[in-house]
Amino acid sequence: SGVNGKVPPGSALALVGPNGSGKTTLLKALAGAVDVLGGEIRGIPETIGYVPQSADLDPEFPITAEQVVEMGLYRRIGWGRRPNPAHRRRIADAIARVGLLERSRTRFGELSGGQKQRILLARALVADPGLLLLDEPFNGLDQPNRDALLDILRGAARLGTSIVVSTHDLVLAREACDLAMVLSGVQVAFGTVDDALAPAHLALAFGYEAGAGARIGESA
């Protein structure tokens with residue numbers, strides 16, 4: 001409750017707060033997946049890309065990385081129809097953006113955790129969304145994949161995409177975003193990352209004072 005903020009095109013907003021603070025609920029509200037009980041959400045683009053907290057695909061399901069990305073175009077292609085050459089170029093371009101073109105024909109379940117996350121991001125980017133929503137996208141990633149994901153998000157912002165990303169990692173929040181919102185059931189702070197992630201706001205949200213470079217523990 002009490003959420004109030006604006007994410008202009010080309011800006012990235014970090015959602016920071018303890019477990020149960022409302023980060024995922026807010027992302028789902030922006031995606032239209034849960035009802036908003038009060039107030040309103042304005043200016044949502046027609047096309048939204050969503051990257052869930054964990055892979056929403058059975059790793060044993062026989063589907064390639066390319067086919068996963070194709071899912072992001074189902075609304076354009078139509079269910080049961082095959083992608084045309086223009087669709088295939090768009091799919092290849094999205095996979096190239098995440099640096100995994102050579103793994104296009106690899107079964108999704110055989111990819112590493114970081115590669116899976118990048119393919120899910122390609123699925124979200126393939127339709128050129130005006131708004132990109134990511135739920136804890138950096139969890140469990142090694143440094144090369146974290147760096148690759150950061151570069152991809154910066155590139156999307158440069159193209160004018162609005163980005164909202166939930167994270168426990170304050171370093172990544174500062175590196176990936178120019179805006180931040182601190183949540184604890186209610187909105188504690190909203191503004192630039194420097195202003196919103198001030199120690200006093202983090203102390204209020206988490207119940208203790210967190211250093212500016214800390215990663216907030218899952219048990220906070």
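How many residues line the largest pocket, and which lie nearest its centre? The model is predicted: local features need pLDDT of at least 70, side-chain atom pairs count only at pLDDT 80 or more, and totals for chains, interfaces and linings use all residues. Residues are numbered from 1 along each chain as its sequence is written, and side-chain values use heavy atoms, with hydrogens and water left out.

The largest pocket is lined by 37 residues. Val3, Leu26, Leu30, Glu40 and Ile41 lie nearest its centre. A pocket is an open set of points on a 1 Å grid over the protein atoms alone, where a 1.4 Å probe fits, with protein on both sides within 12 Å along at least five of seven lines; lining residues have an atom within 4 Å of a point. The volume of the largest pocket is about 1,000 Å³. Volume here is the space filled by probe spheres set on the points, which are joined across faces, edges and corners.

Strand E1 (12-16), helix H1 (23-31), strand E4 (162-166) and strand E5 (179-183) each supply at least two residues of this lining. Helices (H or I, at least four residues) and strands (E, at least two) are DSSP runs, numbered from the N terminus. H1 gives the most, with 4 residues. By class, the lining of the largest pocket has 21 nonpolar, 12 polar and 4 charged residues. Ala, Val, Leu, Ile, Met, Phe, Trp, Tyr, Cys and Pro count as nonpolar; Asp, Glu, Lys and Arg are charged; the others, Gly among them, are polar.

The second largest pocket holds about 470 Å³. Its lining has 17 residues, with Ile48, Met71, Gly72, Leu73 and Arg75 nearest the centre. These 17 divide into 9 nonpolar, 3 polar and 5 charged. E2, helix H3 (74-77) and helix H5 (113-125) each supply at least two of the lining residues.

E2 pairs with strand E3 (residues 131-135) in the parallel sense, over 4 bridges; pairing requires at least two DSSP bridges. The bridge partner of tyrosine 50 in E3 is leucine 133.

At 1.5 Å a residue, the 13 residues of H5 should span 18 Å, and the end C-alpha atoms are 19 Å apart, which agrees. The expected span is 1.5 Å times one less than the number of residues.
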